[in-house]
Amino acid sequence: MKGKRTRADAKVREAEKAAKRAAQGNKPKKIAAVKATETGTATAQKPEVSCFISDFDQYLFGQGNHYDIFRKLGAHLTEYEGQKGVHFAVWAPHAVQVHVIGEFNGWNETSHPMSRLDPLGIWEVFVPGVQLGCLYKYLIEAQDHSLLYKADPYATEAEMRPGTASKVSDISGFQWSDKDWMEKRKKKDPKEEPMAIYEVHPGSWKKHPHGPDEDGYYNYRELAHALADYVHEMGYTHVELMGIAEHPFDGSWGYQVTGYYAPTSRHGSPKDFMYLINYLHQKKIGVILDWVPAHFPKDAHGLADFDGQPLYEYPDPRKGEHPDWGTKVFNYEMNEVKNFLIANALYWVEEFHVDGLRVDAVASMLYLDYGREAGQWIPNKFGGNKNLEAIEFFKHLNSVLLGRNPGAVTIAEESTAWPMVTGSPEEDGLGFSFKWNMGWMNDFLEYMKLDPYFRKGAHNMMTFAMTYAYSENYILVLSHDEVVHLKCSMINKMPGEYEDKFANLKAAYAFMLGHPGKKLLFMGQEFAQLQEWSEARELDWYLLEQDEHRELQAFVKALLHLYQKHSALYELDTHPDGFQWINANDGYRSIFSFMRFDKARKKNLLFVCNFTPVERPDYRVGVPKKKQYRLVLDSDAAEFGGSDVEKPTVYKAEVGECDGQPYSIAYPLPGYGVAVFEF
C-alpha cells in the first residue's frame with residue numbers, strides 16, 4: 001500500500017523538474033571582482049564568469065524553495081580565479097547600487113561596488129584577500145539616493161553589541177561526535193518520548209564575577225559543561241535556549257532579531273555554539289531553540305526597509321507593523337522572504353544539529369487583527385481575519401523541516417483556540433509537532449494563587465484541561481513569561497506563610513508532572529527563585545544554602561527522575577488510554593486522584609494530590625485492581641522537608657467500592673501532601 005504524498009514530496013518534485021529546465025539553458029552570469037592596487041585602494045576588474053549563483057539558484061529562490069540559500073547569499077570564503085577571498089551576495093531588488101564596505105578596505109564606500117543579477121535583484125562581488133573574522137556591512141543606495149548601512153541578513157556571525165557589523169565566518173569543519181544521538185533521533189516518535197524541558201536564558205542562568213561595565217557571560221563552551229551537568233543531574237530531557245539568534249537589545253531577551261543566521265556573539269563563535277549542542281547531545285540532552293519568524297525590530301542596520309523600501313516586511317503598515325510591539329511583520333506573500341525563514345529553520349536543525357524549534361508568537365502571525373483595533377488591519381480576500389499567507393507558510397515550513405529531519409520537532413506558542421495546530425497539513429492542519437498549552441497554564445496558575453479555603457469553588461480549573469487534552473499534542477508550560485512584569489516568581493505566586501508556599505509549590509509541580517502533556521519549566525523555578533527573573537543578573541543560586549530551597553530542588557529532581565523512569569508518564573500523552581480519573585469531583589476537600597498508563601499497562605501510576613493544609617489521616621482512594629500499590633514518591637519525606645514519620649511502602653488493596661472502583665487503599669494523606677503509587 002502506497003503512503004500518502006506530502007507537500008514536501010511535491011516541493012521536491014517541483015524542484016527536480018525546474019532543475020531539468022534550468023540545466024537546458026542555464027547561462028553563467030558575470031561576477032564583479034575587485035583588484036587591490038599597490039597603494040591599497042581597489043579598482044573594479046572586468047566582470048568574469050561566475051559559477052557561484054546560477055540561474056537555477058535564482059529560480060529556486062524566486063519560487064521560495066531554495067532550502068540552502070544561505071550557502072549562496074551572505075559572505076563565503078572561497079577561491080576564484082586562483083585567488084582566495086570572500087564572495088559577498090545580498091538580495092536588494094530596490095537598490096540603485098550596493099557596495100560592500102569593511103575592515104578589508106578601511107570602510108571605503110566606493111571601492112567595492114557589487115554587480116546586479118536579474119531578475120531577482122541579487123547583488124554580488126568577489127573580493128580577494130578578505131580573511132576570516134573581518135567585519136563588514138552593505139552600503140545600499142536607495143532609489144531616493146539615501147545611503148543605508150546594513151548588516152548582512154545571511155551573516156553567520158556578528159559583531160559583539162553595541163557594534164552592528166557582520167563578521168566573515170566559516171561554520172564548516174566542526175568535528176561532531178553526536179552521531180549516535182542523531183541516528184537514534186531519526187527512529188523516535190517525539191509524541192511517545194519523554195520531554196521535560198528546562199527553559200534557559202544563557203546570559204542570566206549563571207555569570208562570572210564581573211565589574212559594573214562587564215557582562216560576565218559564560219562562553220558557549222563553558223556553558224556546555226555547567227549546564228549539561230546540571231540538567232543531566234536534575235533529570236530534564238531537553239533544554240530550550242532563549243536569545244540565541246543575534247539581537248541588539250538585551251532587554252528583548254532575543255525576541256527582536258537582527259541576525260537570523262548568527263548565534264549571538266555574547267557567548268562566542270558559531271563553532272563554540274556547535275560545541276554546546278554537541279556536548280548536550282553527548283549527555284543525552286535534546287536542544288530546542290526559540291525561533292522568531294513573526295516580527296523583527298526597526299534597528300537601522302537590520303531588515304527594516306532593507307533596500308530603502310519595505311522588502312522583508314509587508315509594505316502596508318496595517319499588515320507590516322505590530323502597533324503594540326513597535327516591530328515589523330514579515331511579508332509571507334513574498335517567496336524570497338518565506339525562503340529566508342524556512343531556510344533559516346533548516347539551517348539551525350541541519351547545520352547546528354538542533355533538535356527542535358519553539359516558534360514564538362504564532363497567534364500574531366495567524367490573525368490579521370492581532371493587537372489591532374478596527375481600521376488598523378486589512379481583511380483577507382474573503383473578508384476574514386485569517387492571514388492566509390502565514391497559514392500556508394506554516395504548512396510549508398513544517399512539511400519540509402519535519403519531512404527532512406525525522407525526530408525533530410516544531411513547537412507552536414499559540415495562545416488561542418486555533419484548530420489543528422498540530423494536525424497534518426494534508427488535513428488542513430498547520431503541521432506542528434506540539435503546541436504550548438496556554439489554557440492549562442492560565443487555569444492552573446489562577447487555581448494555585450487562591451487561598452486554599454477558596455479552592456473548593458474553583459475545582460474545575462484543575463480538571464477542565466482534560467476536556468480538550470487530546471485535541472492537540474500539548475506541552476504544559478510554566479515559562480519565563482509567567483515570572484516577569486510584576487507577575488511574581490513561582491514561589492511567590494503561592495498563598496500562605498513561608499512554609500506553606502513551598503508545600504503548595506511541591507503539590508503544584510507534582511500535579512503538573514502527572515497531567516498528560518510534555519513539560520516545560522523556566523530556570524530558577526526548580527529551586528524557588530524568590531525574585532522575578534531579570535536578564536541583567538544571574539539566578540539566585542545562593543538560595544540553595546537554605547533548607548527549604550534545597551529541599552524543593554530535591555523534590556523536583558525526584559519528580560523528573562520518576563518521569564524518565566516510568567513510560568506511563570509520557571508514552572500515551574496524546575491518547576486517552578494513558579489517563580483515567582479516580583476522583584475528579586472531590587472539590588470539598590480539594591483532592592485530585594488519577595492514574596497514568598503506558599502501552600503495556602504493567603507499570604501504572606496512581607497520583608493523589610491534596611491542595612489544602614488539612615491532614616487526612618484516614619484518606620481512602622479507589623483503585624481498579626486487587627494488587628499491591630507501592631509508594632514511589634512521598635512529598636512528606638524528610639528529604640523534601642516533610643515529617644520524619646515512617647510510612648509503609650506497600651499498600652494492599654481491599655475489597656469494597658470506593659470512588660467508583662471495586663477496591664481501595666487507605667493512606668495517611670498530609671496537608672498539601674502528594675503520594676504516587678506504582679501498581
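**Ground rules.** I number residues from 1 along each chain as its sequence is written, and side-chain values use heavy atoms, without hydrogens and water. In this predicted model, local features need pLDDT of at least 70 and side-chain atom pairs pLDDT 80 or more, while totals for chains, interfaces and linings use all residues.

**Entry 1, H8 and H10.** I started with helix H8 (residues 335-351) and helix H10 (residues 388-404), which pack at about 25 degrees with axes 10 Å apart. Helices here are DSSP runs of H or I with at least four residues, numbered from the N terminus. Axes are lines fitted to C-alpha atoms over the stretch in contact, and angles run from 0 to 180 degrees between N-to-C directions. H8 and H10 are therefore roughly parallel (an angle under 35 degrees). I looked up who meets whom: Leu-341 and Val-349 are among the H8 residues in contact, and Phe-393 and Leu-397 among those of H10 (contact means heavy atoms within 4.5 Å).

Next came helix H11 (residues 438-449) and helix H14 (residues 498-514), at about 155 degrees and 11 Å between axes. They are therefore roughly antiparallel (over 145 degrees). Trp-440, Phe-444 and Met-448 of H11 meet Asn-504, Ala-508, Phe-511 and Met-512 of H14.

How many disulfides does the structure hold? I found zero, a disulfide being a pair of cysteine sulfur atoms within 2.5 Å. For Cys-658, the nearest cysteine sulfur belongs to Cys-609, 16 Å away.

Definitions and conventions. Helix = DSSP H or I, 4+ residues; strand = E, 2+ residues; numbered from the N terminus. Parallel < 35°, antiparallel > 145°, perpendicular 65-115°, else oblique.
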